[in-house]
Amino acid sequence: MIEMLLPERMRPTRLGLQEHLGPALLEHFAQARQRMARAAWLSSPIGLLALLPSIFTLEVFDRVIFRQGFSTLVALLAGVAVVLIVEWMLRRRRSASLREAGALIDWGLSSTLLDKMLGQPLRSLEERPAASWVALFRDVGAVRTLLTGPVVQSLFDLPLAVFAIVIVGLVALPVLPVVLGMVCVFAAMAWWFADEVKQGKVAELQQARSLDMFTAEMCRARESVKALAQHESVAAQWKNGYEQWLAESFSRGSEMEETKELTHSLLIVSSIVITATGAVAVASQWMSIGGLIAANMLALKAISPIATLSGAWRQLAQSMEAARRLHAVFAQPSETGSAGLSLPRPKGAMTLDEVSFRFDEQSEPVFKKVSLTLAPAQFYAVVGKNGAGKSTLLKLLTGLYRPDEGRVLIDEYDLQQFSRHETASWIATLSQNVYFLDGTIADQLRRAAPETTDEQIVKACRLTGVHAFISRLPQGYATVMREGGRTLSAGVRRKIALAQVLLRNPAVLVLDEPTNDLDHLSELQLIASLRLIAKMRTVIVVTHSAEMVASSDVALAVSGEGDVQVMTPVQALSLYFTPPKAEKTVHVAPRHREPSLGAIEPNLTLVTAVPGELH
């Protein structure tokens, strides 16, 4: 639909709308088409009624003033009053139609973009910075603004220009060539500046977009910037980008201002030329004075829509680029949808069948033809050097990454056939980076399992050792967490996130460095809890903790050379940990016991207990 607003020479390709904008954009445009059509049809009577003040002026000069027809003046005033009321009502209706069309497109595109973003595979999400997704939602506003902005208004007013020229021909024929000439001049300006936008405006908008994205990233990284005293280098980078954008914006802005001033001057010249030509015609009795004044007013009506287009290409260029970016996102593949069939709950066996994976064609494979079978109800510790691929292995096991070759199965089911929601109901994951959306602690926990009861929330928090801390907060579980929970310590955030994972009651529990931010006693308590959970569930933990490895049933060693080796915890300790750590025997001393979620049935019925939380 955006392409349809362009002159032919402005179109970047000659592809059809379906090929260029894509079905998603066209679908949402189609939903608003009825309201857009209504606004377009209303523009014709609005244009006709808008010409009546000029005819009123003509009649006042030709009949009222020269003939002293005051009764005629009263009749004209009454008629004009009625016309103005009708025109106001029609304009109001047209504006409402445009607003409704814009709202439909805004809602439709925003909802589709949100669903597309949340439905993207993790690899696709990681390819774009967070600020890029925020900028895409702003692009929706740019597309919507086009429908209610000066471009569409000018296009709708073009019939008015035709009507005005026709009436000029009827009441002031001698000045008609002048009016037509000025219309051609402004049309040539609009045509010329279309190329200016095509060549330069997009670059300016892209620079502004990049600057906004860097500003957002800088604000998000404020703690690191302060901690590492990077403010000078960061400020220099931002100022350099801002200077480049400002220079480009100033240059393009100057062109737009020159266009605006030139348009203003040409409108004055038009009025002067029409007046001068009309004066000669009036003196020669080819037309009346009323016709001359009406011709000036009508000429402005004829020229204004075309003159507006001269300065509106910038907005059109911005909307075009926004539509292209949205189309590019909508065209990307989404994750698998729901299978539509309720399958039995898996027992928790995991299998990698000839799995190969690399991040891109230029990089070395992270895994090459890896085959691995994990039995249910076992505690697996994943070990290896930094950068070897431990976290990547977890993402393959949880379905967050899809293998380039081979299959990943839970029991006998290939993970690729299930939606992310279905996979997450069976395999719960705690990643290294814990981030919470705004909301209370209770809200955060219920997002993971909306049907969770208050009792189950408390039990999960007791199991992870965070209940006592939350209880001491002035607002308890109603404490609001903002900016990812920055007001809480990293250890507390990790315990809350672990409680979220447990509330999903998974068949397989996958944890990536769960003890990173925990003190030693909290680590021991977590290990004891995981040992009990592993009696009924498969537990897979990436760890650099010797205590965690020593407590596991099986160790999975990621070599960093494309393979995964299965070994005993003792072998893993001797290979990846220093001798003092390897020789250390880990004893977890039981403390006061509290009910917990440790070993639970699918309905979260308690059947065991674990060491109590730390006080």
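Q: What makes Ile441, Gln444, Leu445 and Ala448 in helix 14 contacts of helix 17?
A: They meet Ile496, Ala499, Gln500 and Leu503 in helix 17. Contact means heavy atoms within 4.5 Å. By class, this contact has 6 nonpolar, 2 polar and no charged residues. Ala, Val, Leu, Ile, Met, Phe, Trp, Tyr, Cys and Pro count as nonpolar, Asp, Glu, Lys and Arg as charged, and the others, Gly among them, as polar.

The model is predicted: local features need pLDDT of at least 70, side-chain atom pairs pLDDT 80 or more, while totals for chains, interfaces and linings use all residues. Numbering starts from 1 along each chain as its sequence is written, and side-chain values use heavy atoms, without hydrogens and water.

Q: Why are residues 441-448 called a helix?
A: They form helix 14, because a helix is a DSSP run of H or I with at least four residues, numbered from the N terminus; a strand is a run of E with at least two.

Q: How do the axes of helix 14 and helix 17 cross?
A: They come within 8 Å and cross at roughly 35°. Axes are lines fitted to C-alpha atoms, for helices over the stretch in contact; angles run from 0 to 180 degrees between N-to-C directions.

Q: Why do strand 1 and strand 2 count as paired?
A: Pairing takes at least two bridges found by DSSP. Strand 1 (residues 350-357) and strand 2 (residues 367-374) have 5 and run antiparallel, so they pair. Valine 355 has valine 370 as its bridge partner in strand 2.

Q: What joins strand 1 to strand 4?
A: 5 bridges join them, and they run antiparallel. Serine 356 has glutamate 405 as its bridge partner in strand 4.
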